[in-house]
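Colleague: I am new to this structure and would be grateful for a close look at a single part of it. Please take the salt bridges as the subject.

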Amino acid sequence: MDTGRPAEPGEHPQLLDRLATVPDPRRAKGRRHPLAFVLALAACAVLAGAKSLTAIAEWAADAPAAVLTTLGGPSREPAGPTAPTEATVRRILQRVDGDALDEAIGAWLAARDPDRPPPDHDLGRRARRSLAVDGKTVRGARRADGTQVHLLAAMTGTGLVAAQREVSATTNEITVFRPMLADLDLADTVVTFDALHSQTAHARFLVEEKKAHYIAVIKGNQPLLHQHLKQLPRREVPLLDKTRATEHGRDEIRRVKTCTVTRGLDFPHAAQAVQIVRRRRTVTTRKVTLERVYAVTDLTAEQADAPEIAHRIREHWGIENKIHHVRDTTFAEDASRVRTGTAPRAMAALRNLAIGALRLTGCDNIAADLRKHSRDATRALATLGIT
């Protein structure tokens with residue numbers, strides 16, 4: 001499949017159309033630049049490697065008139081379209097509705113996901129999609145009260161952020177889980193999450209309301225269930241999957257056992273109990289560590305065997321490597337001093353858009369492709385499907 005193929009006209013709403021749905025936080029009087037135009041400029045600048053609000057404004061100031069026109073810049077004769085000033089960019093990104101911006105970007109990416117469900121939702125003809133839910137703190141961005149900005153994101157198996165929400169400083173990720181996923185089409189999707197989200201309410205929401213599946217890691221925050229899983233007679237269960245990988249200076253062997261549980265497992269819709277034993281050896285120090293991870297899933301043995309469950313649990317951590325790590329290392333997100341208003345979240349959303357758009361073109365080196373886009377302003381338009 002050519003995942004880099006731009007959507008045909010009318011097939012899916014284009015990015016400018018999606019951005020036009022974001023409400024404008026400014027008063028109508030005195031507006032010189034449409035909101036969608038400023039947001040599209042910011043998206044192109046981030047795709048060209050801009051890491052700050054100043055860098056976005058500088059990219060916009062250098063953009064050719066043809067690019068500004070294509071992005072929807074208003075023409076003012078005889079000078080033609082003009083780029084917004086840094087103050088305008090800053091004010092907009094500091095006040096933009098973060099939920100609306102994330103929804104617009106997530107919808108644009110999800111519509112182009114090669115693993116998206118077909119229109120007729122024929123569940124029997126396709127492999128189940130994956131969706132990994134995990135949170136990240138933007139460490140360089142602190143609110144006025146000193147708290148840090150924390151974002152919860154949902155990533156598809158392709159590496160696209162389909163949804164993102166900010167977690168209030170007065171609560172935690174648990175309260176954001178359901179609102180973030182409420183509007184997504186999750187039919188027959190396998191949602192994976194860490195122990196924090198292994199809540200009975202989340203499991204019921206996914207299975208009963210969203211018609212999805214789950215794989216939930218169980219740790220000490222569910223002490224009775226965790227103890228029950230540990231006490232299952234694992235010695236009587238055969239080893240069903242064993243894999244070995246050497247990367248990042250570690251040699252890791254994973255052994256997986258699964259068993260069907262018909263009663264006694266106090267977790268909604270749970271059908272299988274999972275044990276993963278990880279033996280890690282650090283190549284340089286030769287230090288060996290042993291870790292046992294327990295999980296439950298509503299997938300039956302007929303729906304998902306041990307190798308598939310193990311693969312999906314490993315794939316879950318892809319959100320760390322494909323999204324969070326890239327935003328930290330390539331975009332220097334944790335070192336960013338953008339901290340006022342909704343600007344930290346808006347920048348994170350624009351970085352998600354840049355990463356997702358590049359992945360849809362088959363990119364496997366984000367940093368190199370950012371440099372490539374910085375050399376030609378029109379490349380960002382093509383990658384974002386703006387014509």
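Modeller: The side chains of Glu86 and Arg90 meet in a salt bridge, with 2.7 Å from N to O. A salt bridge here is a side-chain nitrogen of Lys or Arg within 4 Å of a carboxyl oxygen of Asp or Glu. This is a predicted model, in which local features need pLDDT of at least 70 and side-chain atom pairs count only at pLDDT 80 or more, while totals for chains, interfaces and linings use all residues. Residues are numbered from 1 along each chain as its sequence is written, and side-chain values use heavy atoms, leaving out hydrogens and water.

Glu86 and Arg90 are four residues apart in helix α5 (residues 86–95), and therefore separated by about one helical turn. Helices are DSSP runs of H or I with at least four residues, strands are runs of E with at least two, and both are numbered from the N terminus. Glu86 is partly exposed at 31% relative accessibility, and Arg90 is partly exposed with a relative accessible area of 31%. Buried means under 20% relative accessible area, exposed over 50%, and partly exposed in between (1.4 Å probe, protein chains only).

Another salt bridge joins Glu333 to Lys136, with the closest N and O atoms 2.7 Å apart. Glu333 lies in the loop between α11 (318–329) and α12 (343–360) and Lys136 in strand β1, so the pair ties together parts 197 residues apart in sequence. Both Glu333 and Lys136 are buried. They belong to a network of salt bridges that also links Arg139, Arg327, Asp328, Asp334 and Arg351. The structure holds 21 salt bridges.
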